[in-house]
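I opened the notebook to look up a few features of this structure. My entries follow the display.

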Amino acid sequence: MKLTIFFFFFFFFFFFNSNQTFDLDVGSSLKLEHSIGSNGDFTERGVISIKSLKSGSAEYSTTKPITDAQLLEMENKAKTDELYCIRTNGKPDVDFYVVSCVPVCFIYESTLSDRITLHFGPNGGVVGLSLRTPVSVCSGAKQDIEAGSKFNTFIELGQSVASPQPDVLSYIQKVEKEKDERSKDEKGDNRSFFSKYWMYIVPFVVIMAMSSMFNAGGEQGGGQ
């Protein structure tokens with residue numbers, strides 16, 4: 001009984017959590033923030049507008065063009081191993097973020113061009129974010145980027161395939177059946193030895209009695 005209750009709550013918890021949704025409706029917008037350098041603060045960069053999850057249609061628009069200070073910081077940190085990171089919230093107006101990073105020199109030498117992929121889970125929420133740039137090997141060359149420039153960004157949408165749900169009910173029934181069988185084996189058969197094997201004992205006794213009678217008759221006949 002306790003095992004059944006345990007699995008019931010396990011099934012309820014799993015089913016409830018696996019079916020929670022973020023309700024990210026078509027037409028929603030996600031804020032995109034970025035930071036230049038591993039220890040940099042995230043600041044506003046732009047907005048991702050979801051047009052259609054089914055067709056993978058989305059658009060990006062820059063709301064905060066790069067400033068002189070950011071451009072200088074990017075140029076300096078492109079010479080180091082610092083990272084350029086972006087992040088977005090998994091659902092509009094929710095303090096939950098997914099993050100992706102590349103070396104600063106990648107975005108700098110790509111002259112602010114990048115490709116961002118949003119990965120959506122079966123529940124409709126953003127579960128992953130990936131950032132790619134045309135440049136993947138840095139040369140250290142100075143780039144001609146002006147302050148006030150906007151990012152040239154292409155957005156891709158991807159949806160994860162829902163994994164099959166475990167057949168918890170069948171598993172519970174199997175465990176309960178095995179438990180009952182073990183319980184029967186442990187209890188054993190309480191009948192007496194004769195009650196269990198009388199069908200073997202009685203014929204044997206009859207045969208032995210008849211054999212004794214024939215032997216006794218033979219001995220008497222031989223004596224006359």
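The model is predicted, and I read every value below as computed from it.

I then looked for the partner of C85, and a disulfide joins C85 to C101, S to S 2.0 Å. C85 lies in strand β4 (residues 83–89) and C101 in strand β5 (residues 97–103), 16 residues apart. C101 is partly exposed, at a relative accessible area of 34%. The link of C85 and C101 is right-handed, with 105 degrees about the S-S bond.

How many disulfides does the structure hold? I noted two. C105 and C138 form a disulfide with sulfur atoms 1.8 Å apart. C105 sits in helix α3, and C138 in the loop between β7 (126–132) and β8 (152–159), 33 residues apart. The torsion about the S-S bond of C105 and C138 is about 75 degrees, so this disulfide is right-handed. C105 is buried at 7% relative accessible area, whereas C138 is partly exposed at 31%. In sequence order, the bonded cysteines pair 1-2, 3-4.

E109 is buried yet has no salt bridge; K79, the nearest side chain of opposite charge, is 10 Å away. What does the side chain of E109 reach at 3.0 Å? I found the backbone nitrogen of S139. Leaving aside neighbours within four places in sequence, the contacts of E109 include C138, S139 and G140.

Last, I checked the largest nonpolar core, which has 32 residues. Helix α3 gives the largest share of this core, five residues.

Methods: Residues numbered from 1 in each chain as written. Predicted model: local features only at pLDDT ≥ 70, side-chain atom pairs only at ≥ 80, totals over all residues. Heavy atoms only, no water. Buried < 20%, exposed > 50% of the residue type's maximum accessible area, 1.4 Å probe, protein only. Lys, Arg positive; Asp, Glu negative; His and termini not counted. Salt bridge = Lys/Arg side-chain N within 4 Å of Asp/Glu carboxyl O. Polar contact = N/O pair within 3.5 Å; in protein donor to acceptor, adjacent residues only side chain to side chain. Contact = heavy atoms within 4.5 Å. Core = buried A, V, L, I, M, F, W, Y, C linked by side-chain atoms within 4.5 Å. Helix = DSSP H or I, 4+ residues; strand = E, 2+ residues; numbered from the N terminus. Disulfide = S-S within 2.5 Å.
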